[in-house]
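This report is written for a reader who has the sequence and the model at hand. Please look at both before reading on.

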Amino acid sequence: MRYQTDRQRVEGLGSAKDGTVEWWKQRIGAVALLPLVFLFTYPLLRAIGADFDEVRAIYEHPFNAIIAILFFITIMSHLRQGLQEVIVDYVHGKAAMTTALLANTMFTTLIGVTGVFSVAKIAFGG
Amino acid sequence: MAEVNQGNRPLSPHLSIYRPLWTMILSITHRITGVGLAISITMITWWFLALAISEEYFEFANAMMTSVVGGFILIVSLWALSFHFCNGIRHLFWDAGKGLELETAYRSGLAVMAGSVVLTVIGILVATGVF
């Protein structure tokens, strides 16, 4: 017996009402991170432990700055999506889950915005 | 008559009753490394913020990152990132419907583990200025 109405079946969006959009966004972000993680980590590993002027020079370079900003933007949603999956699986109860999801969105947005702002400020010579 | 266990029976086959399998261990490691990397990226973001604030504050953040504890966390993070990266590629292949046979999944798991160690070593060499 089919429980879905014809309209629901045609729309194909399921109970979450957004179909597979979130799933696709997760994959697109993951694929984008494949090159980004290398391009971001390489200069970072060289920079950690170096002195202030050297590190500033690395991130004043447009290439490293653009990569770092792209990385922070992409990791912000990848991290939110990943932690959201974990929360949905392990946190029980509507109030606790809603709180955790809200905290997750705030935390990941804070990380992303702080990262983008910091790199932009350095790159613009501030 | 045999004693009947009423009310204290497992209702569904919970994860903990299974013998841990290689693929299960890799699966949970993907999650653990993902959650752990949230801490790593918080540290890294703080380091970038310090770089944007002032030289004095950056020196402090940089000293924390290169301390014994900081260095240990960074090396563990590097391995976590390498693992999550390699296993993420494995997941993308699965999403495309490839490599789902049990034998292949076991072997790709071994490749992921080997790859994560290799990438970690390369990362450490980059950090120490060899590359």
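How many helices and how many strands are there in chain A? Chain A has five helices and zero strands, where helices (H or I, at least four residues) and strands (E, at least two) are DSSP runs numbered from the N terminus.

## Basis of the report

This is a predicted model, in which local features need pLDDT of at least 70, side-chain atom pairs count only at pLDDT 80 or more, and totals for chains, interfaces and linings use all residues. Residues are numbered from 1 along each chain as its sequence is written, chains are lettered from A and ligands numbered from 1 in the order in which they are written, and side-chain values use heavy atoms, with hydrogens and water left out.

## Overall form of chain A

Along the sequence, the pattern of chain A reads α-α-α-α-α. Chain A is more spread out than a compact globule, because its radius of gyration is 20 Å, well over the 14 Å that the globule rule gives for 126 residues. The radius is taken over C-alpha atoms, and the rule is 2.2 Å times the number of residues to the power 0.38. Along the principal axes, the C-alpha atoms of chain A fill a box of roughly 70 × 30 × 20 Å.

## Contacts and charges

Of the contacts in chain A with a separation of 6 or more, 69% join residues 24 or more positions apart; a contact means heavy atoms within 4.5 Å.

Chain A carries 11 positive and 10 negative side chains, and the centres of the two sets lie 10 Å apart. Lys and Arg count as positive and Asp and Glu as negative, while His and the chain ends are not counted. Each charge is placed at NZ of Lys, CZ of Arg, CG of Asp or CD of Glu.

## Confidence

The average pLDDT of chain A is 92, and 97% of the residues score at least 70; pLDDT is the predictor's confidence in each residue, from 0 to 100. Within chain A, confidence is lowest in helix α1 (residues 6-11), at a mean of 76, and highest in helix α5 (residues 94-123), at 97.

## Two residues of chain B

Is B:S77 buried or exposed? B:S77, in helix α3 (residues 68-95) of chain B, is buried, with a relative accessible area of 12%. Buried means under 20% relative accessible area, exposed over 50%, and partly exposed in between (1.4 Å probe, protein chains only). Not counting residues up to four places away in sequence, B:S77 touches B:L37 and B:S40.

B:R107, in helix α4 (residues 102-127) of chain B, is exposed, with a relative accessible area of 51%. The C-alpha atoms of B:R107 and B:T23 are separated by 9.8 Å, and these residues are 84 residues apart along the chain.
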